[in-house]
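Visitor: Good morning. I would like to go through a protein structure with you, step by step. Could you show it to me, please?

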Amino acid sequence: EYDLIIVGSGLYGCVTAYLAHQAGWRCLVIEKRAFTGGNIRDEVREGINVHSYGPHVFHTRHQEVWDFANRFTPFNHFRYCPLARYGGNMYNLPFNMHTFYQLYGTQTPEEAALRLRQEQGLYPHPRNLEEKAVSMVGRTMYETLIKGYTEKQWGRKATELPPFIIERLPLRFTFDNNYFNDPYQGVPMAGYSPWVDKMLEGTEVRLNTDFLADKDYWMKKAGHVLYTGAIDAFYDYVLGKLEYRTVRFETEVLDTDNYQGVAVVNYTDRETPYTRVIEHKHFEFGTQKKTVISREYSTDWKEGMEPYYPVNDARNQELYQKYAALAEKEEKVIFGGRLGEYKYYDMDKVIEAALNQWEKMQR
Ligand code: FAD
């Protein structure tokens with residue numbers, strides 16, 4: 001009945017649905033939630049696009065990916081320049097000459113580099129995250145900007161966390177607050193939901209439908225299946241469950257037009273229970289009379305919660321590899337996206353992967 005059934009209407013599924021529709025394939029998208037867009041979904045409140053699953057900024061190095069993204073709705077010129085708040089002071093992120101000035105009073109790259117060399121702790125074989133971070137950026141920056149935030153994110157002391165969690169902490173010796181280095185950056189002017197909904201135009205979509213609840217039925221109807229749900233769930237967890245880290249948001253409408261003057265402020269102290277405050281209107285230079293903010297809390301993931309980030313440790317990676325070996329044997333099912341491949345994917349990488357996968361599917 002269908003050339004292709006796509007399970008999941010996240011970005012991966014929507015890009016593929018668009019390509020399949022363009023190519024004249026009979027395609028069906030099945031989505032278990034009540035809405036399309038997966039984790040980039042946003043909803044309008046007080047005339048403001050609220051990023052329901054966390055702040056999203058599109059960025060890419062590749063012109064083809066940028067051109068593809070702009071095919072559906074235009075993007076604005078937003079640049080992600082978050083701030084950190086600690087002990088009543090504000091600091092620029094990512095770590096750059098502004099941050100060094102705020103932390104140490106250094107004014108030139110040479111002064112900053114010297115100060116950092118003096119600060120860096122001597123841990124040739126760091127045993128935990130704290131030692132690793134201190135060896136990279138020194139104790140002042142670690143205690144002000146990294147320690148509390150990381151402990152809240154992981155719900156554990158930095159001395160109890162493995163060093164591999166932070167592989168590098170880029171230090172920028174220019175006065176540049178732009179978080180991303182990519183030449184193409186922005187947010188869809190109309191919002192992320194209209195952006196992906198445009199990709200789905202002309203494709204049949206069934207919402208509130210769990211593919212796994214009727215897997216055999218749907219499998220019979222499809223020539224190919226692109227599955228972007230959780231890979232362990234597809235196999236009914238026969239080998240065990242993959243773990244995730246998760247976040248939750250408390251969202252509030254405030255009767256002020258500008259609460260914090262910037263899209264994101266990280267709270268890097270241990271005492272404030274949330275990790276970030278997101279003020280959504282600043283992603284689109286909003287001038288509405290009210291504002292909407294979300295406080296982001298890191299929480300341990302339990303069954304039934306929304307999975308956000310795959311856990312990048314040996315146990316979970318080994319288990320994923322076992323599921324991936326089963327997936328390779330599938331004849332008509334392809335696994336894609338952050339849940340299907342158990343991998344953190346930025347949106348530009350999702351587009352690249354879906355474009356590449358589509359090429360392969362046509363062969
Ligand atoms: P998803 O969006 O998860 O889509 C999968 C879909 O499948 C979901 O809609 C789900 O409901 C559906 N589904 C699952 N199982 C079934 C089933 N059995 N039956 C039917 N449907 C099913 N990327 C950036 O580039 N920039 C950012 O600033 C950025 N910020 C982020 C912030 C946060 C907090 C997080 C968590 C991620 C962020 N990302 C960012 C990454 C971005 O969210 C992902 O790249 C993108 O959402 C992945 O899309 P996907 O289609 O792979 O997965």
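Guide: We shall discuss the ligand, a pocket and several individual residues in turn.

Visitor: Thank you. What should I know before we start?

Guide: This is a predicted model, in which local features need pLDDT of at least 70, side-chain atom pairs count only at pLDDT 80 or more, and totals for chains, interfaces and linings use all residues. Residues are numbered from 1 along each chain as its sequence is written, and side-chain values use heavy atoms, with hydrogens and water left out.

Visitor: How many residues surround the ligand?

Guide: The ligand is surrounded by 32 residues, and the closest are Glu-31, His-56, Arg-338, Tyr-345 and Met-347. A residue is near a molecule if one of its heavy atoms lies within 4 Å of it.

Visitor: Of what kinds are the residues in that shell?

Guide: The shell around the ligand has 17 nonpolar, 9 polar and 6 charged residues. Here Ala, Val, Leu, Ile, Met, Phe, Trp, Tyr, Cys and Pro count as nonpolar, Asp, Glu, Lys and Arg as charged, and the others, Gly among them, as polar.

Visitor: Which side chain has an N or O atom 2.7 Å from an oxygen atom of the ligand?

Guide: That side chain belongs to His-56. A polar backbone atom of Met-347 is 2.7 Å from an oxygen atom of the ligand.

Visitor: And how much of the ligand's accessible area does the protein cover?

Guide: The protein covers 96% of the 1000 Å² of accessible area that the ligand has on its own. Such areas come from the Shrake-Rupley method with a 1.4 Å probe; for residues, only the protein chains shown count as cover.

Visitor: Let us change topic. How much space lies in the second largest pocket?

Guide: About 330 Å³ lies in the second largest pocket. Of the 16 residues that line this pocket, Ile-334, Phe-335, Glu-341, Gln-357 and Lys-360 are the closest to its centre. On a 1 Å grid over the protein atoms alone, a pocket is an open set of points where a 1.4 Å probe fits, with protein on both sides within 12 Å along at least five of seven lines; lining residues have an atom within 4 Å of a point. Grid points are joined across faces, edges and corners, and the volume is the space filled by probe spheres set on the points.

Visitor: Which element gives the largest share of that lining?

Guide: H10 gives the largest share, with 4 residues. Helix H10 (314–328), strand S16 (333–335) and H12 each supply at least two residues of the lining. The lining divides into 10 nonpolar, 2 polar and 4 charged residues.

Visitor: Now the backbone. Which residues does a cis peptide bond join?

Guide: A cis peptide bond joins Leu-93 and Pro-94, with omega about -10°. Pro-94 lies in the loop between strand S7 (89–92) and helix H3 (97–104).

Visitor: What about Tyr-342: is it buried or exposed?

Guide: Tyr-342 is buried because its relative accessibility is 2%, where buried means under 20% relative accessible area, exposed over 50%, and partly exposed in between (1.4 Å probe, protein chains only). Tyr-342 is in the loop between H11 and H12, and has a positive phi of about 45° although it is not a glycine.

Visitor: And where does Glu-46 lie?

Guide: Glu-46 lies in the loop between strand S3 (42–45) and strand S4 (48–51). Glu-46 also has a positive phi, of about 55°, and is not a glycine. With a relative accessible area of 43%, Glu-46 is partly exposed.

Visitor: Finally, what does the side chain of Asn-49 make contact with?

Guide: The side chain of Asn-49 makes a polar contact with the side chain of Glu-284 at 2.9 Å. A polar contact is a pair of N or O atoms within 3.5 Å; within protein, one must be able to donate a hydrogen and the other to accept it, and residues adjacent in sequence count only if both atoms are side-chain atoms. Asn-49 is found in strand S4 and, at 8% relative accessibility, counts as buried.
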